[in-house]
Amino acid sequence: MAEPVKKKKKTEKIPRVAMPEQEADVRARNFLEVPTGYTREMAVLEAQRCLQCKKPGCVAGCPVNVDIPGFIQLIKEEKFTESIRNLWGKNSLPAVCGRVCPQEIQCEGLCILAKKGDPVAIGNLERFAADWERENGTGELPPKAEPTGKKVAVVGSGPSGLTVAGDLIVKGHDVTVLEAFHKPGGVLVYGIPEFRLPKAIVAQEVNFLERLGVNVECNAVVGRTVSLDELFEEGYDAVYLGVGAGLPRFMNIPGENLVGILSANEYLTRANLMKAYLFPEVDTPIPIGKDVVVLGAGNVAMDSARTAMRLGADKVRIVYRRSRQEMPARIAEIHHAEEEGIEFFLLTNPIEYLGDDNGRLTGMTCLKMELGEPDDSGRRRPVPIEGSEFHLDCDLCIVAVGSGANPLLTASTPDLKLNQWGYIEADQETGKTYKKGVWAGGDIVTGAATVILAMGAGRKAADSIHDYLMLGW
Amino acid sequence: MFKIVNREEMSDGTVVLNDIEAPMIARKAKPGQFVILKANEAGERIPLTMAETDPEKGTVTVIYQVVGKSTALFKTLQVGDSYQDVIGPLGKATHIEKVGNVICVGGGTGIAVLHPITRALKEIGNHVTCIIGARTKDLLILEDRMKDASHELHVCTDDGSYGHHGFVTDVLKEVLEKGETQQAVAIGPVPMMKFVSLMTKEYNVPTLVSLNPIMVDGTGMCGGCRVSVGGHTKFACVDGPEFDAHKVDFDELMLRLQAYCEDEQSCYNDFCTIRDSK
């Protein structure tokens with residue numbers, strides 16, 4: 001047992017390898033990816049920092065239980081192909097997760113090294129392995145089980161749907177993914193901006209599933225083009241619903257229908273899915289604000305603010321009714337936004353939008369807030385300070401205060417049981433709904449959450465669907 | 001890909017009809033519902049209410065006016081060409097009910113949308129009076145089909161080149177004066193719908209309008225298509241596209257439709273310059 005001690009000493013000498021990034025003042029005006037990725041040398045060096053714990057906290061912290069020490073060890077040994085094979089065993093979207101997972105509260109937050117210093121850069125290494133495979137790999141596919149003759153429809157091609165599709169196709173089932181938009185990827189293509197997750201990477205992940213045999217049908221709005229019950233009539237044996245939250249929440253204050261006020265969903269869909277940042281090279285326009293306010297402080301708000309900056313704003317302000325501590329965005333995203341010149345107006349809440357005679361936004365009236373007692377979410381409730389009204393000029397406002405459950409599919413399927421907010425009731429462990437043969441997971445069950453939690457739900461549901469197809473309900 | 005199997009030009013080439021192969025949509029679509037079309041990879045998602053569907057042939061029909069870059073691009077598509085994407089059927093179907101005497105008022109390409117609704121209202125047993133209008137005779141569309149779909153057809157032109165000289169509201173007033181109308185449907189340019197609505201409100205005749213605001217996804221996800229109806233914000237794509245005309249804030253709708261007018265104009269001009277230089 002002498003050796004591990006010696007090794008530990010050695011590893012302490014290597015500081016965490018910093019992720020190379022575009023300079024803040026340059027990237028704030030372009031849509032290229034911000035972190036540029038580890039080189040081979042950087043990855044191998046960082047991989048040496050991993051202590052290969054016997055009881056790895058990182059794995060326990062991962063919603064899909066990736067064999068983190070395993071894939072890192074393989075990077076250390078420069079066996080990159082084996083490393084990505086290992087990752088694929090638990091995670092069908094490593095290039096995505098390496099980029100957008102909140103590692104600081106999951107795997108890296110539980111890394112033993114985090115107790116005394118910087119954790120192993122698990123996300124950066126995961127991204128490296130996936131990018132290496134994409135750029136240098138053989139394109140060889142993982143093995144597939146013999147066909148079972150069972151058909152599964154996956155509704156929605158976001159992270160949970162793609163996970164279910166990937167898991168079930170290798171188990172030998174016939175899988176079709178139905179996507180309402182004209183491009184697959186769900187929130188990965190319409191929500192997360194190019195500078196955080198290049199769309200070519202999402203396309204490649206989807207293409208990987210297609211090469212495995214998954215059918216992807218776009219322009220299929222389940223609930224409209226085809227109903228859930230019709231899917232069973234068409235011969236599907238099981239259906240997974242991963243349609244996302246998909247209903248924008250607004251402030252419900254006077255003036256909200258002025259021109260120049262958009263939901264973050266609309267703003268980001270124009271920018272990302274429709275690539276409106278390239279207008280007029282593409283045909284979809286996007287409003288260009290000089291003086292932009294983003295309401296909310298989650299990841300979607302940061303994405304909106306940083307997009308507005310890249311589209312040429314002079315000034316972008318995040319307006320949030322609570323304080324910095326309660327901001328729901330990832331710390332890394334808040335830092336990135338600040339570095340790019342986004343300002344924060346905290347403890348501030350708009351009460352009215354103001355416009356001109358042409359119905360265009362010119363500003364808003366805000367109130368200063370202070371924090372009171374904790375509310376249901378456990379966060380201190382913001383309370384308005386009387387008489388603190390002040391005016392804020394703006395010509396574009398992006399409302400990023402969360403989303404609700406889109407009723408399009410659920411309203412047309414009365415035998416799905418919903419909770420009081422309209423989300424689908426599904427078993428936490430299996431994703432089973434109250435309707436036979438139907439599973440659900442991701443934001444349409446939990447409300448807006450993260451990519452990896454949706455993938456975790458997809459993983460559990462895929463296991464349960466497989467059991468059902470082979471054994472029964 | 002969604003192939004165009006039939007194409008007609010109307011109104012001096014400013015209006016185009018396409019029958020498009022979309023069997024899944026044709027099977028499901030009902031009067032009043034819309035589709036979203038996207039011509040190519042760089043194209044915009046354009047919502048158009050269907051003028052006709054043929055479940056047996058598996059086709060849907062759209063009739064659009066060329067007003068900007070995207071519709072000008074649509075116009076370049078010939079029989080045998082395809083739209084890259086067609087999504088639908090979206091929105092709620094028209095509630096068709098036997099109420100007695102119904103007036104259907106249509107203007108511009110709104111007449112195309114009004115046609116299947118008019119026909120359905122007649123088929124269910126209503127007495128249907130139809131009033132359609134255009135700026136001038138050459139711009140009028142679907143007169144014969146509207147004649148077949150209704151019991152009584154009135155045609156108006158702003159310049160008097162055909163039918164009644166004046167607006168649809170002139171004839172509407174005469175019909176409403178008889179006091180026998182139980183319901184009205186108005187589909188056309190927003191100002192037309194606004195003035196029809198103001199008039200039917202005077203006569204207490206419930207009125208439906210079909211709205212076509214700016215939208216992106218058409219499934220309730222973006223909220224771009226929000227309209228004020230009775231003081232509440234509604235999404236035209238999922239709560240509509242049809243609403244109680246007497247509750248719609250038409251002035252707000254008109255302002256919201258102007259949101260991208262400068263971008264649209266420059267984009268259209270560039271397209272025309274390139275097209276004409278070829």
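These are my notebook entries on a sheet in chain B and on the contact between chain A and chain B.

**Entry 1: the model**

I noted at the start that this is a predicted model.

**Entry 2: the sheet in chain B**

I looked up the strand order. Chain B has an open sheet of five strands, in the order 5-6-2-1-7. The pairing is antiparallel.

Which strands lie at the edges? I found strand 5 (52-54) and strand 7 (82-83) of chain B there. Each of these edge strands pairs on one side only.

**Entry 3: strand 1 and its partners**

I followed strand 1 of chain B, residues 2-10. With strand 7 of chain B, strand 1 makes two bridges in the antiparallel sense. I checked the residues. Phe2(B) stands opposite Tyr83(B). Lys3(B) has Ser82(B) as its bridge partner.

Next I turned to strand 2 of chain B. How many bridges join strand 1 to strand 2 of chain B? I found six, and the two strands run antiparallel. In this pairing, Arg7(B) stands opposite Asn18(B).

Strands 1 and 2 of chain B form a hairpin, with four residues between them. In the turn I noted Ser11(B), which has a positive phi of about 50°.

A reminder to myself: in a regular strand, side chains alternate between the two faces of the sheet.

**Entry 4: a helix on the sheet**

**Entry 5: chain A meets chain B**

I then moved to the interface. The contact takes 42 residues from chain A and 45 residues from chain B. Together the chains bury about 3,500 Å², and 53% of that is on carbon and sulfur atoms.

Which residues of chain A lose the most area to chain B? They are Arg224(A), Asn257(A) and Asp283(A), together 22% of what that side buries.

I listed the polar links. The rule finds three salt bridges across the interface. Lys69(B) forms a salt bridge with Asp283(A), with the closest N and O atoms 2.6 Å apart. I also noted 20 residue pairs in polar contact across the interface.

**Entry 6: the chain A side**

Strand 5 (246-248), strand 6 (261-263) and helix 13 (264-273) of chain A each supply at least two residues to this side. Helix 13 of chain A gives the most, with four residues. I sorted the residues of this side: 19 are nonpolar, 13 polar and 10 charged.

Technical notes
Residues are numbered from 1 along each chain as its sequence is written. Chains are lettered from A and ligands numbered from 1 in the order in which they are written. This is a predicted model: local features need pLDDT of at least 70, side-chain atom pairs count only at pLDDT 80 or more; totals for chains, interfaces and linings use all residues. Side-chain values use heavy atoms; hydrogens and water are left out. Two strands pair if DSSP finds at least two bridges between them. Contact means heavy atoms within 4.5 Å. Buried area is the accessible area (1.4 Å probe) that two parts lose on being put together, summed over both. A salt bridge is a side-chain nitrogen of Lys or Arg within 4 Å of a carboxyl oxygen of Asp or Glu. A polar contact is a pair of N or O atoms within 3.5 Å; within protein, one must be able to donate a hydrogen and the other to accept it, and residues adjacent in sequence count only if both atoms are side-chain atoms. Ala, Val, Leu, Ile, Met, Phe, Trp, Tyr, Cys and Pro count as nonpolar, Asp, Glu, Lys and Arg as charged, and the others, Gly among them, as polar.
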